[in-house]
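Have the structure open beside you, try each task, and then follow the solution step by step.

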Amino acid sequence: MIKSNLLAGLVCTLRSIGHKFSDSVWRLGAGARLFGLTLAYSGESFRRFHLTVREIYFTGVMSLVIILVSAFFVGMVLALQGYHTLQRYGSAESIGVLVALSLLRELGPVVTALLFAGRAGTAITAEIGLMKATEQLSAMEMMAVSPVSRVIAPRFWAGVISMPILAALFSMVGILGGYLVAVPMIGVDAGAFWSQMQANVDWQVDVLNGVIKSLVFGVACTMIALFEGYDAPPTAEGVSRATTRTVVTSSLAILGLDFVLTSLMISM
Amino acid sequence: MTPNIVELDNLSFGYKNRMLHKGINMVFPRGKVIAIMGGSGSGKTTLLRLIGGQLKPSKGEARVEGEVVHQQNRAGIHKLRRKMGMLFQQGALFTDLSVYENVAFPMREHTDLPESMIHDLVLMKLNAVGLRGAHKLMPTELSGGMARRVALARAIALDPDIIMYDEPFAGLDPISMAVICDLIRTLNDALGATSIIVSHDVKETFSIADYVYFVANGVVAAEGTPEDLRKSDLPFVHQFVHGEKDGPVPFHYAAGDYKQDLLDFKAP
């Protein structure tokens, strides 16, 4: 009896794992299909670029406050922590380099993408999920207008364009925050702060790689948000779950992709 | 030109293991108002989606202007859909666009008309549904009945040959219901279109329909003019038309023994 119960439990667990695995594979395929369709319909969204500009406002411009304020505090904390470590080795003047490299190579693209997923990604998912629940996407289809071309593609390109700009602004404001803590507050020499930064930050290795990272994160974050919204069951619970999934999946994707990209960039 | 603008020929459709329609045959002659009636969950809306090419039948075919809908490629489906207008149950207005822009949407997407002509056409369509004065409002500022009328103006924006109505009377107050009822008949006759109404509101539908199909258990259970159906002795039609609580459509959902269910309590 106990043996047969154990066996039934094992079968049930295996079935559940198999179901989750096949569901994940199906969703991955559906996401890839939507990505392909989005690229295929991108021409139409570029022809009507005002739609993309409008979405840049909603996803990019509206995310500025949270991103810039966060950048300011991240830069200040970086300078404080960095100073306390560097002064032990007598190289407090290198604080500018530490702040700039940390922001340009890692924190700028990664934190911007995480904040973007939380602020703009969830908004995109909820909006598209609700459009689906209220039959707006169906209405569009019935008017012989492809929702992918009219709704998905403009939002995708808006996210891809916004992300590197937001990441650049994040790094810029973060460096400013670091400067305010290091120079006026702690008393590090301003000349040393800027000159060491200028001498040690490389355009291609540091700046360009950061831009590449933010572009990749932009594609991943926006596509995840769009897919979750497009695939959401058309109910209040479905949209709520999809919004949560957007944050979780995007965050994991950003951190995973960051590791892969950093490994590639270091090995090159 | 075929006498019937839409034909459903031995149409079957189902989800996974459940067949929703089992060999449906219907014809929709030009210029007529035809109603499809039946209880909730009988697949009435699905029939509209099959005609619009949003779903593919498992067997049989839906023909529009003699063309088999599910055999069309994307361009063919879009060509057919340009001949159709559809009013969704809750209106499905685009919430980010004003009333004016909602009605202008199909014109902007499918024509190269100058802005001055779009302006005149939009106001004419809105005037036809009595809402010219509301053209600056946003969908959130409209009542349910007004939203339905704006959606109707959008559905007839391109003077379609076929207008499909999905539960046009659901959730409306008696005045709005009478207005929509009158508009359906008037617009159908003025535009020379064919209207397909999916509804379970007997009084309103019978007052404007030329012919009615009753769908139950996946088949056409009865058909005829409203007058014929009022006099019908068929148990299902009698129960439906007179709103009787019990009959061929049982009050209780299929369940096991009542006493046994009460005794089978298990603490959660």
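This is a predicted model: local features need pLDDT of at least 70, side-chain atom pairs count only at pLDDT 80 or more; totals for chains, interfaces and linings use all residues.

**Exercise 1. A helix inside the fold**

Solution: Begin with the count. Next, name them: the buried residues are B:Met146, B:Ala147, B:Arg148, B:Arg149, B:Val150, B:Ala151, B:Leu152, B:Ala153, B:Arg154 and B:Ala155. Now look around the helix. Finally, check the length of the helix. α5(B) covers residues 144-155 and reaches 16 Å from its first C-alpha to its last, close to the 16 Å expected at 1.5 Å a residue.

In α3(B), the residues B:Val99, B:Asn102, B:Val103, B:Ala104, B:Phe105 and B:Pro106 are buried. The buried residues of α3(B) pack against α4 and α5 of chain B.

**Exercise 2. Tracing a sheet**

Task: Work out the order of the strands in the open sheet of 6 strands in chain B, and say how they pair.

Solution: Walk across the sheet from one side to the other. The order is β6-β7-β8-β3-β9-β10, and the pairing is mixed. At the two edges stand β6(B) and β10(B) (219-224), each pairing on one side only. Neighbouring strands are turned by 20° against each other on average, direction ignored.

Now look at some of the pairs:

- β7(B) (residues 162-166) and β8(B) (residues 194-199) run parallel, joined by 5 bridges. Here B:Asp166 has B:Val198 in β8(B) as its bridge partner.
- β3(B) (residues 33-37) and β9(B) (residues 211-216) are parallel too, over 4 bridges. B:Ala35 stands opposite B:Val212 in β9(B).
- β9(B) and β10(B) are antiparallel, with 5 bridges. The partner of B:Phe214 in β10(B) is B:Ala222.

β9(B) and β10(B) form a hairpin with 2 residues between them, and B:Asn217 in the turn has a positive phi of about 55°.

**Exercise 3. Buried or exposed?**

Task: Classify B:Leu11, B:Asp182 and B:His242 as buried or exposed.

Solution: Count the other C-beta atoms within 10 Å; 20 or more makes a residue buried, and 12 or fewer makes it exposed.

Step one is B:Leu11, in strand β1 (residues 4-15) of chain B. It has 23 other C-beta atoms within 10 Å, so B:Leu11 is buried. Leaving out residues up to four places away in sequence, B:Leu11 touches B:His21, B:Ile24, B:Leu50, B:Pro57, B:Gly60, B:Glu61 and B:Ala62. Its C-alpha atom is 4.6 Å from that of B:Gly23, 12 residues apart along the chain.

Step two is B:Asp182, in helix α6 of chain B. With 12 C-beta neighbours inside 10 Å, B:Asp182 counts as exposed.

Step three is B:His242, in the loop between α9 (235-241) and α10 (258-263) of chain B. B:His242 has 10 C-beta neighbours inside 10 Å, so it counts as exposed.

**Exercise 4. The chain as a whole**

Task: Decide how compact chain B is for its 268 residues.

Solution: First, list the parts: chain B has 10 helices and 10 strands. Then compare its radius of gyration, 20 Å, with the 18 Å that the globule rule gives; these are close, so chain B is as compact as a globular protein of that length. Along its principal axes, the C-alpha trace spans about 70 × 45 × 40 Å. Of the 268 residues, 40% count as buried.

**Exercise 5. Where the chains meet**

Task: Describe the side of chain B that touches chain A.

Solution: Start with the numbers: 14 residues of chain B are in contact with 10 residues of chain A. Next, locate them. α2 (74-81), β6 (84-87) and α3 (99-110) of chain B each supply at least two residues of this side, and the largest share, 3 residues, comes from α3(B). Last, sort by class: 6 residues are nonpolar, 5 polar and 3 charged.

Technical notes. Residues are numbered from 1 along each chain as its sequence is written. Chains are lettered from A and ligands numbered from 1 in the order in which they are written. Two residues are in contact if their C-beta atoms, placed from the backbone, lie within 7 Å. Ala, Val, Leu, Ile, Met, Phe, Trp, Tyr, Cys and Pro count as nonpolar, Asp, Glu, Lys and Arg as charged, and the others, Gly among them, as polar. Two strands pair if DSSP finds at least two bridges between them. Axes are lines fitted to C-alpha atoms, for helices over the stretch in contact, and angles run from 0 to 180 degrees between N-to-C directions. The expected span of a helix is 1.5 Å times one less than its number of residues. The radius of gyration is taken over C-alpha atoms; the globule rule is 2.2 Å times the number of residues to the power 0.38.
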